[in-house]
Amino acid sequence: MPIERRPLREQIKDEILERLGRGEFAPDQPINEMALAAELGVSRTPLREALIGLEREGIIVSERGKGFRFAPMSPREFHDLTTIVAALESLALELTDPGHLRSVAPRLLEEARAFSVPEAEYEVIERYDDAWHDLMLSGCPNERLMDLITSLKLTMHRYERVVVGDREVLERSAEEHERIAERLVAGDVPGAVEALKANWMSGKDRIIKRLEA
């Protein structure tokens, strides 16, 4: 793991979230602390601190005498996560300087149109989704808010893997991005906020439907 000027427990936590988002850990999988500490090249003390932090966020659970395990996935958890992230991203968009939004809006629209055309590969759409949202919110001055959004979205990625490869889902998401960008190009921030919320809510419904299938 690269050395950063942050508490080691936070670096460990981020690494676990990244791996969780990539599907390297299964829902309800027990955590072998000794093996994971050795794999990450850290001692068990900061690892346990990171696990306790993840437990507070509901990403892992613990049982007396049985240690930690990753929390099982549930439609209810994804509903709650999506509702929170939609509200936080909307707030971040509202806090962003309108001048910055005007400057990035043409690029957002160009990229949204590029991956909403019929011939766009769904792997490309999925890969650029986070980057597109990051660009849209790149001018938000509240760093703590952005850190929170990033952490929650890492947790959500394990759910989004359920629909990877679904062309209809990804195409609809790209079309929704286009509507957000069009509002920003027009200087209509409130309209963009509403389109952003709609994007998250429709995505939530699509993934929950898959989870319940």
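The secondary structure of the chain amounts to 9 helices and 2 strands, taken as DSSP runs (H or I of at least four residues for helices, E of at least two for strands) and numbered from the N terminus. The model is a predicted one, in which local features need pLDDT of at least 70 and side-chain atom pairs count only at pLDDT 80 or more, while totals for chains, interfaces and linings use all residues. Residues are numbered from 1 along each chain as its sequence is written, and side-chain values use heavy atoms, with hydrogens and water left out. Along the sequence, the elements follow the order α-α-α-β-β-α-α-α-α-α-α.

Of the 213 residues, 43% count as buried, that is, under 20% relative accessible area, against over 50% for exposed and values in between for partly exposed (1.4 Å probe, protein chains only). The chain exposes about 11,500 Å², of which carbon and sulfur atoms supply 51%; accessible areas come from the Shrake-Rupley method with a 1.4 Å probe. Among contacts (heavy atoms within 4.5 Å) with a separation of 6 or more, 74% are between residues 24 or more positions apart.

The two strands, E1 (residues 60-63) and E2 (residues 67-70), run antiparallel and are joined by 4 bridges; pairing requires at least two bridges found by DSSP. Val61 has Arg69 of E2 as its bridge partner. The hairpin of E1 and E2 has 3 residues between the strands, and Gly65 takes a positive phi near 80° there.

Helix H1 (residues 8-21) packs against helix H7 (residues 143-160) at an angle of about 30°, and the axes lie 7 Å apart. Axes are lines fitted to C-alpha atoms, for helices over the stretch in contact, and angles run from 0 to 180 degrees between N-to-C directions. H1 and H7 are therefore roughly parallel to each other, a class that covers angles under 35 degrees. The crossing of H1 and H7 is left-handed, meaning that the near helix is turned anticlockwise from the far one by less than a right angle. On the H1 side, Leu17, Glu18, Leu20 and Gly21 meet Ser151, Leu154, Thr155, His157 and Arg158 of H7.

Two further helical positions were examined. Tyr128 lies in helix H6 (residues 122-136) and counts as partly exposed because its relative accessibility is 42%. Its C-alpha atom is separated by 9.8 Å from that of Ala174, 46 residues apart along the chain. Ala87 lies in helix H4 (residues 75-95); at 43% relative accessibility, Ala87 is likewise partly exposed.

Note on methods
Parallel < 35°, antiparallel > 145°, perpendicular 65-115°, else oblique.
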